[in-house]
Amino acid sequence: MKKSDLSKAIDFHRRGEYKKAEKLYLKLIKDKKQRVETIANANANLGGLYFQFHEYDKAILFLKKAIYINPLHTNTLNNLALVYKNSEKFHDSIDILKQVLKLDPHHKEAIYNIGYSYSKIESYLEAISYFEKVITMDNQYVNAYFQLANIYEFHFFNYTKAVDIYHQILNLEPENVIVNFNLSQCYMALSNYSEALHYVDITLKLNSTYEKAQYRFCELSLLTSNFDNSYKGFDTRLTKKHKSLLSGKIWKGESLQNKTIIAIDPGKSDIL
């Protein structure tokens, strides 16, 4: 059976032959003899192609043309919302995604992205409600947990709540580097330095070159009076930038617990 031009364009698109796909999509769009459905699909796919290459204005133009022809196509509406989201037009993204939900109330990606867009315009309570809705629908939706924890940690400063959510993520992804590090940050904010050190140590076992974790490891070793760890970490783990930041704390040598003085040679601090 002979392939249609739309099928050929889609094949080019999937194989990464984007110029050929673009040319054939445009040909189909201009061909008034084509079926309306074919023209709508060509517009939608061309919009998706431009989206791939971050040509957002072109993507919006062709996706809108596709929606004008077929306003009930949830995937095209969702793709338009993604273009708006990626171009930081979050209010527009929310408006389109709510249209998606009218057509498909259980569209998890749309619900998640509404939450994400609300968080970007600092409407955190609305964002929380959408992230929680996604998690109710799918208790393994890691990105929703992560965004929810981020709101509690960085915007509401509710570190206890953030810790609880990060632990739920670790139940699903125990080797998630960012989550382990963020847990250490929350525990540090809660003055639970031993737990903070535990999770920053895990972070470094998972990614030994993580600079922020290297710095935090040395700082927490000081706070827990583990001076041997702090000295070794300072000497072997830190970059010049972080050595410079931490050197003053180590040279002062004042542990919060017992004010012990650490005699570290300033020459080891490698300060520029």
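The structure holds 9 salt bridges, and I will start with those. Before the details, note that this is a predicted model.

Lys3 pairs with Asp11, and the closest N and O atoms in that salt bridge are 2.2 Å apart. Lys3 is partly exposed, at a relative accessible area of 46%. Next is the salt bridge between the side chains of Glu17 and Lys20, at 3.1 Å from N to O. Glu17 counts as partly exposed at 26% relative accessibility, and Lys20 also counts as partly exposed, at 47%. Then there is Glu37 with Arg35, where the closest N and O atoms are 2.9 Å apart. Glu37 is partly exposed, with a relative accessible area of 46%, while Arg35 is exposed, at 54%. Some of the salt bridges share partners, and these join Arg15, Glu17 and Lys20 into one network.

Now the overall picture. The secondary structure comes to 15 helices and 0 strands. The protein has 272 residues, and 46% of them count as buried. Take the contacts between residues at least 6 apart in sequence: 45% of these join residues at least 24 apart. The accessible surface comes to about 15,100 Å², and carbon and sulfur atoms account for 51% of that.

On to the interior. In soluble globular proteins, nonpolar side chains tend to be buried together. Here the largest nonpolar core has 74 residues, and Tyr25 and Tyr166 are the ones with the most contacts inside it. What does Tyr166 touch, leaving aside residues up to four places away in sequence? The list is Phe146, Ala149, Asn150, Glu153, Phe154, Val179, Asn182, Leu183 and Cys186. Keep Ala149, Asn150 and Glu153 in mind, as they return with helix 9.

Helix 7 covers residues 108-120, which makes 13 residues. From its first C-alpha to its last it reaches 19 Å, close to the 18 Å expected at 1.5 Å a residue. Its buried residues are Ala110, Ile111, Tyr112, Asn113, Ile114, Gly115, Ser117, Tyr118 and Ser119. They pack against helix 5, helix 6 (90-103), helix 8 (124-137) and helix 9 (142-155).

From the helix 5 side, look at Asn78. Asn78 sits in helix 5, residues 74-86. Is Asn78 buried or exposed? Asn78 counts as buried, because its relative accessibility is 4% and the cut-off for buried is under 20%. Apart from residues up to four places away in sequence, Asn78 touches Leu97, Val100, His107, Glu109 and Ala110. Of those, Ala110 is also one of the buried residues of helix 7.

Helix 9 has 14 residues, which should span 20 Å at 1.5 Å a residue; the end C-alpha atoms are 19 Å apart, so the two agree. With 10 of its 14 residues buried, helix 9 is largely enclosed by the rest of the structure. The buried ones are Val142, Ala144, Tyr145, Gln147, Leu148, Ala149, Asn150, Ile151, Tyr152 and Glu153. Their cover includes helix 7, helix 8, helix 10 (159-172) and helix 11 (177-189).

Most residues other than glycine have a negative phi. Just after helix 7, Glu122 takes a positive phi of about 65 degrees, although Glu122 is not a glycine. Glu122 lies in the loop between helix 7 and helix 8 and is exposed, with a relative accessible area of 59%. After helix 9 comes Phe157, with a positive phi near 55 degrees; this residue, too, is something other than glycine. Phe157 is found in the loop between helix 9 and helix 10. At 54% relative accessibility, Phe157 counts as exposed.

Last, the surface. Val36, Tyr68 and Ile69 form a nonpolar patch there, with about 360 Å² of accessible area together. Ile69 lies in helix 4, residues 56-69, and is partly exposed, with a relative accessible area of 32%.

To recap: 15 helices and 0 strands, a largest nonpolar core of 74 residues, and positive phi values at Glu122 and Phe157. That is where I will stop.

Technical notes
Residues are numbered from 1 along each chain as its sequence is written. This is a predicted model: local features need pLDDT of at least 70, side-chain atom pairs count only at pLDDT 80 or more; totals for chains, interfaces and linings use all residues. Side-chain values use heavy atoms; hydrogens and water are left out. A nonpolar core is a set of buried Ala, Val, Leu, Ile, Met, Phe, Trp, Tyr and Cys residues joined through side-chain atoms within 4.5 Å. Buried means under 20% relative accessible area, exposed over 50%, partly exposed in between (1.4 Å probe, protein chains only). Contact means heavy atoms within 4.5 Å. A salt bridge is a side-chain nitrogen of Lys or Arg within 4 Å of a carboxyl oxygen of Asp or Glu. Helices (H or I, at least four residues) and strands (E, at least two) are DSSP runs, numbered from the N terminus. Patches are made of residues with over 30% relative accessible area and no salt bridge: like charges are joined within 9 Å, nonpolar side chains (Val, Leu, Ile, Met, Phe, Trp, Tyr) within 5 Å. Accessible areas come from the Shrake-Rupley method with a 1.4 Å probe; for residues, only the protein chains shown count as cover. The expected span of a helix is 1.5 Å times one less than its number of residues.
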